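The entries below follow the order in which I went through them.

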Amino acid sequence: MVLFFPLICSLGTWFLARKERNLTAGFNIAGVVTSFILSVSLACMYGGQAIDCTPFHWLPLDGLDLRIGLHLDRLSTLMLVVVTSVSSLVMVYSAAYMKDDPGYSRFFSTLGLFVFSMLGIVLADNLLMMFIFWELVGVSSYLLIGFWFERPAASDASKKAFITNRLGDFGFIIGIIIVWSATGTLNFSELASKLHQNPAMLGHLASLAGVLIFMGAMGKSAQFPLHVWLPDAMEGPTPVSALIHAATMVAAGVYMLCRVYFIYALPAGWPAAFSFMGEISAATIVAWIGAFTSLLAAVIAIQQNDIKRILAYSTLSQLGYMVMTVGLGAPVGNPSAAMYHLVTHAFFKALLFLGAGSVIHACHHEQDIWRMGGLWKKMPVTFWTFLIGTAALAGVPSFSGFYSKDEILVTALENSPVLFGLAVIVAGLTTFYMSRLVLVAFFGPARSDHASHAHESPKPMLIALVTLAVPSWFIAWLPLGPFLTRHFIPGFQEHGGDFLLGPFNHNPIAALFGFGAVLFGLSGAWFCYAGSSSDPLPAKLGGWSRAMRNRFYFDEIYEAIVVPLHDLVARMVDGFDRWVVSGLGVRGVPGAVEIAGRALRLVQSGSLQTYSFLFAAGAVFAAWLVLR
Amino acid sequence: MNAGLNHYLVVSGLLFCLGLFGVLARRNLLIIYMSLELMLNAANLALVAFSRFNNNLNGQVIVFFVITVAAAEVAVGLALIVALYRKRQTAHVEDLASLKY
């Protein structure tokens, strides 16, 4: 029921109330809020147990039973609550933000579709169903990013998102096939128990399957090298960015990795062709790609001037964190820090995006931070909630981000000092660019007309902002960490002790480094940007700054590589089609028959004696055949 | 020397080949027709020889039938040739090439 409510609302909206704007909005919001209430009640009722429910045998084939089934356990319950709560708040926000837009109804129904697909991923009980909803989410994302499709930038961005996503899905489906062929099942619970009993079942395919499935996460959660779609996806409306690209869809990749983490817990195994990979397991690859992505994104974010792009790269960076944690936690079997960070990130990133939307709305669709300024006096609610979100993102103690980030740092410290160092650097950079954003956008003199005339946003938007600010600060105060860890390690007992400064007691090195990074970033940003009216860094960093601003030219590189390659392949295929298929096949067959016909025609010489000769020869041949 | 079965068969074969050569290599229709008759008679000879050396009258009975059929065939064939000559005014086989592509 939780699953189908948003779907019913979305479809209903499409077919029924296209003209009635408020009705559409209300209908969809009601749907999602109902799902939220149901999710919370499910969470309270079932706590930590796992339930399976299979309404539907879709396609019982020999050797593969495809079912549409739902699976509820700690992970999915938590995700359900997160997804539905953030979606409801974003929908409430959009009621005000999108008020002047002609595509109002379409927006809400597409959002409803998106929520449906996301919930499908969360509740899926086998890999195939998850893949189906995975693709659905990609489609919804395409529809939503390209919402203002009359703008070429927007439609290009939506295509880019979908295609990059598809590239990842290519690897994903091959990974799924490998897993199925080796173990005979796609159901998560069955897979987990089979691999638990018999770790060698996947054998030499383990790491390959892991890497391929990770490709799906790479596409969906925008890891290097498939990260290029996320910044461009900011062409969509801000609520879309908040919902999809901060809180939920991009988190689907991490969720999926946690679902199948047992594949990453297997020892390294590569097929013969890849044996040069030796002892490197899939988990290591995942960890390094995640770390690299987070570093890359953080560096690029330092020099971005569009408020939404800064937040986009911040999302990329945080996703890198999560993916890295999955890779690091896997051998031990406990990537719960990643899920924890996912939950906190969902709230504070959505908050940040919605706050950015509020700012953009107030400054009449101005997105360049160097044209804002002095907003803290004019938009106090937005300012304070944004500040809360920033503090959570940076990991200031007592905010939710601090606890989840600390768990990540602890996992990193326990498994790989190098990655720990990287993570700390990234934390410092995170604080730096976020402080830069706040200092430039909210403080300082008003740098443009729009900024000086800014006013606070309408009520629904503010309600959403404030409602999100509360969990951004406090959600970590719920015992989510142990809750999640118990999913992976049943019977985990947490240590007692003071909660607020718990991380300092638990693992002081990680906590101290994290805190130090925060202070470092903050002071750096203050030093550079307090009260400045233009960016001092390009002068200091020169060429690096230009590279950062141009996103390290990734898009250009891809264009230079991919387009000619694609052309080449297309040309080859065209040649094949023209010469082999059309030439030999379509025109060749009648041609051959014609030539044969022409040759045979010459036999008809009209000469009687030739005919009698052939007749006699035939008779001799037949006699020989019979008598030999 | 004593004439055995083989001798008769060889003669019959030679006659047949002569007839075949005539059919294939002569240009006059009537000569071709005569060679055809020669081939038939060669077959008759072989049949009679078999009949004699196997002490079996079946061969000779077959010869009767063959001669009858040959006669009928000659009648029809000559009628055809006469009709053809009247139409084409030629008995040359090379001129009868209207089936040529």
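This is a predicted model: local features need pLDDT of at least 70, side-chain atom pairs count only at pLDDT 80 or more; totals for chains, interfaces and linings use all residues.

I began with contacts in chain A, where two residues count as in contact if their C-beta atoms, placed from the backbone, lie within 7 Å; among the contacts that join residues at least 6 apart in sequence, 80% are between residues at least 24 apart.

Residues are numbered from 1 along each chain as its sequence is written, chains are lettered from A and ligands numbered from 1 in the order in which they are written.

I then checked confidence: chain B averages a pLDDT (the predictor's confidence in each residue, from 0 to 100) of 91, with 99% of its residues scoring at least 70, and the model has ipTM 0.82 and pTM 0.73.

For burial (20 or more other C-beta atoms within 10 Å of a residue's own, placed from the backbone), I found 52% of the 628 residues of chain A buried, and 11% of the 101 residues of chain B.

Taking helices (H or I, at least four residues) and strands (E, at least two) as DSSP runs, I listed 28 helices and 2 strands in chain A, against 3 helices and 0 strands in chain B, in the order α-α-α from the N terminus.

Last, I noted that the C-alpha atoms of chain B fill a box of roughly 50 × 25 × 25 Å along the principal axes.

Conventions. A residue is buried if 20 or more other C-beta atoms lie within 10 Å of its own, exposed if 12 or fewer, and partly exposed in between; C-beta atoms are placed from the backbone.
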